[in-house]
Amino acid sequence: MSSEPPAASGTDRSAYLPDFCEPRAVLAVVLVSVLLAIVLALAQHSPRDNFLVALARTSGYLLWTGLLCALVLCKSRPWLARHSLRAASIVALSLVVGTVALVSEATYRLGRAWEGELGVPSGIFPREHWKFLLPNVVISAIVGALALRYFHIAHEWRRSIELEVRARIRALQARIQPHFLFNSMNAIAALTRTDPARAEEAIEDLSDLFRFNLADAHGQITLRQELEVARAYQRIEQLRLGDRLQVNWLIGDMPADALVPSLVMQPLLENAIEHGIESLPGGGTVTVHGRLAGKTVEIGVSNPMPPDRRPASSGHRIALDNIRQRLELAYAGRSSVTVDDSGGHYRVTLKFPLVLGAPGPVRSGDATG
């Protein structure tokens with residue numbers, strides 16, 4: 001039984017702050033600061049004031065304040081993530097308020113030095129100390145608390161979506177039940193007396209299939225493991241069909257470390273054998289083809305169809321819809337499942353982005369029993 005996902009832990013819930021070290025987050029801070037400066041300058045503008053001066057004063061102050069707050073939260077994020085949600089929120093808000101207070105104090109003293117020591121009058125810097133410092137601190141506390149609340153709600157929403165997706169994947173994967181169980185057990189029972197060694201190998205292959213079928217669904221496995229599962233299924237079906245079943249593995253030098261959702265190839269191979277090879281008196285050849293097109297992995301399974309082919313059964317359609325949904329949940333619009341039944345062959349092709357794990361290529365070769 002799988003353990004609770006890490007997302008449910010208390011330390012992970014305290015790491016709800018965005019990563020302000022990322023360029024995208026810094027750009028967001030700059031844009032929000034500029035837009036807020038424009039709004040404030042427009043709200044405070046009067047015919048007697050110079051709008052450009054007010055805009056320069058407000059935007060300069062907000063930009064420095066926003067960027068310094070982002071820097072402080074960026075550097076403190078690892079420490080905040082190790083503490084409870086309450087402690088992390090209090091410390092984060094204190095850091096924001098403290099940063100605003102320091103920037104406000106530095107701005108006031110810079111203005112005094114500019115006007116006093118240098119003797120240059122300016123309407124850009126504040127003239128009254130506490131009337132400038134206290135409102136900034138109060139506003140930063142209110143805005144900071146609202147921002148932290150927003151970040152927390154957004155984080156919880158994303159976490160709930162992730163848990164829902166994982167639950168959907170588990171539900172979909174639970175529907176993948178090999179239809180060949182009883183046939184496999186009958187074949188194994190027949191082999192126990194005539195060929196005990198081969199029967200033992202078949203039992204190991206069947207155990208591997210069910211181990212992957214019951215594995216934790218929110219994770220992914222490597223292409224090497226997925227091919228091992230498909231080949232184990234082929235060896236079991238070879239016990240029933242014998243020479244009627246031939247499988248060609250044309251996978252080129254695909255990366256063995258490419259990550260894929262578990263059990264996406266075995267159902268395709270099962271459909272090809274059940275709806276194609278078994279319906280042909282002389283059997284036939286199933287071709288598993290794969291290639292790497294740039295940053296996209298393409299894997300397909302094709303099989304000959306009987307002349308009096310029937311429309312795909314409901315079980316066949318369920319398997320394809322199942323795989324299509326699981327790829328969509330894993331890659332969100334970056335995957336596809338295409339079907340081509342022309343030329344007397346039924347071919348299903350999967351396409352999804354390349355995501356790498358441990359190195360090592362999968363070498364091409366035939367895996368016929």
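Visitor: Which residues touch the most other members of the largest nonpolar core?

Guide: Gladly! This is a predicted model, where local features need pLDDT of at least 70, side-chain atom pairs count only at pLDDT 80 or more, and totals for chains, interfaces and linings use all residues. Residues are numbered from 1 along each chain as its sequence is written, and side-chain values use heavy atoms, leaving out hydrogens and water. A nonpolar core is a set of buried Ala, Val, Leu, Ile, Met, Phe, Trp, Tyr and Cys residues joined through side-chain atoms within 4.5 Å, with buried meaning under 20% relative accessible area for a 1.4 Å probe, protein chains only. In the largest core, of 35 residues, those touching the most other members are Trp249, Met265, Leu269, Val286, Leu350 and Phe352.

Visitor: Which helices and strands each supply at least two residues of this core?

Guide: Helices (H or I, at least four residues) and strands (E, at least two) are DSSP runs, numbered from the N terminus. The contributors are helix H8 (223-241), S2, helix H9 (266-277), S4, S5, helix H10 (314-331) and strand S7 (345-353).

Visitor: How many residues are in the second, separate core?

Guide: Ala70, Ala92, Phe132 and Leu148 are included in this separate core. Its count is 21 residues.

Visitor: Which residue in the turn of the S4 and S5 hairpin has a positive phi?

Guide: S4 pairs with strand S5 (residues 296-304) in the antiparallel sense, over seven bridges, and Thr287 stands opposite Ser302 there. Two residues lie between the strands of this hairpin. The one with a positive phi, about 70°, is Gly294.

Visitor: Where does pLDDT stay under 50 with 21 contacts beyond four places in sequence?

Guide: pLDDT is the predictor's confidence in each residue, from 0 to 100. The protein averages 77, and 76% of the residues score at least 70. Residues 1-11 fall below 50, with 13 contacts beyond near neighbours in sequence. The stretch you asked about is residues 363-369.

Conventions
Pairing = 2+ DSSP bridges. Buried < 20%, exposed > 50% of the residue type's maximum accessible area, 1.4 Å probe, protein only. Contact = heavy atoms within 4.5 Å.
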